[in-house]
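Student: I've got a model open and would like to talk it through. Can we start with the strands?

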Amino acid sequence: MYPTEIVLPMKEELTDNGFQELLTSEDVDSQLNSKGTTLVMINSVCGCSAGSARPGVLMAVTNSAKKPDHLATSFAGYDIDAVKKLREHLLPYPPSSPAIALFKDGQLVHFIERHMIEGRPAQLIAHNLIAAFEEYC
């Protein structure tokens, strides 16, 4: 598990912008059983999370005309039970962090894995998500 003093600022980058933390497996199930669309970011300490994933998610949410009904996040390597439960909902995809998932009425409809984030600019991540918002939100 990562030290809180390292993780907290990375969590706050999303929670300060309206993302609800999913800290337990119960939080995950409750959120994903909600009607409507839920964007979930599996956050992490890696550079691609800081350089592309978090900024891309925030750009998409800020700049899209259509937005998910709910914004949520869990932190890989820190919110252990929540991330484990999220990964069950992401099957058949293998574990990936960072990762960005869009659910509609509890069903996974769009997923961005780590290999789709690494080496790509935040703007590309944002455009990908905005297109998904247009289709599903």
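Tutor: Helices (H or I, at least four residues) and strands (E, at least two) here are DSSP runs, numbered from the N terminus. Keep in mind that this is a predicted model, where local features need pLDDT of at least 70, side-chain atom pairs count only at pLDDT 80 or more, and totals for chains, interfaces and linings use all residues. Residues are numbered from 1 along each chain as its sequence is written, and side-chain values use heavy atoms, with hydrogens and water left out.

Student: Which residue in S3 does Val-40 stand opposite?

Tutor: Look across to S3 from Val-40. The residue standing opposite is Ala-72.

Student: Which strands stand at the edges of the sheet?

Tutor: Two strands pair if DSSP finds at least two bridges between them. The five strands form an open sheet with mixed pairing, in the order S1-S3-S2-S4-S5. Each edge strand has a single partner, so one side of it is left without a neighbour in the sheet; the edges are S1 (20–21) and S5 (107–112).

Student: How far apart in sequence are the parts that Lys-85 and Asp-29 tie together?

Tutor: Those two form a salt bridge (a side-chain nitrogen of Lys or Arg within 4 Å of a carboxyl oxygen of Asp or Glu), with the closest N and O atoms 3.8 Å apart. Lys-85 lies in helix H4 (residues 80–89) and Asp-29 in helix H2 (residues 25–32), so the pair ties together parts separated in sequence by 56 residues.

Student: Where do Glu-88 and Lys-85 lie?

Tutor: Their side chains meet in a salt bridge too, at 3.1 Å, N to O. They sit three residues apart, about one turn of the helix, and both are in helix H4.

Student: How many salt bridges does the structure hold?

Tutor: Besides those, Arg-114 bridges to Glu-118, with the closest N and O atoms 3.0 Å apart. Lys-11, Glu-21 and Asp-79 are linked in a network of salt bridges. The structure's total is six.

Student: Is Cys-46 buried or exposed?

Tutor: First, the structure holds zero disulfides (a disulfide being a pair of cysteine sulfur atoms within 2.5 Å). Cys-46 is in none, as its nearest cysteine sulfur, that of Cys-48, is 3.2 Å away. For accessibility, buried means under 20% relative accessible area, exposed over 50%, and partly exposed in between (1.4 Å probe, protein chains only). At 15%, Cys-46 is buried.

Student: How much space lies in the largest cavity?

Tutor: On a 1 Å grid over the protein atoms alone, a cavity is a set of points where a 1.4 Å probe fits but cannot get out, and lining residues have an atom within 4 Å of a point. Grid points are joined across faces, edges and corners, and the volume is the space filled by probe spheres set on the points. Searching the whole structure turns up one cavity of 30 Å³ or more. The space in the largest cavity is about 30 Å³.

Student: Is Pro-94 buried, partly exposed or exposed?

Tutor: Pro-94 is one of the residues lining that cavity, and its place is in the loop between H4 and strand S4 (99–104). With a relative accessibility of 48%, Pro-94 counts as partly exposed.

Technical notes
On a 1 Å grid over the protein atoms alone, a cavity is a set of points where a 1.4 Å probe fits but cannot get out, and a pocket is an open set with protein on both sides within 12 Å along at least five of seven lines; lining residues have an atom within 4 Å of a point.
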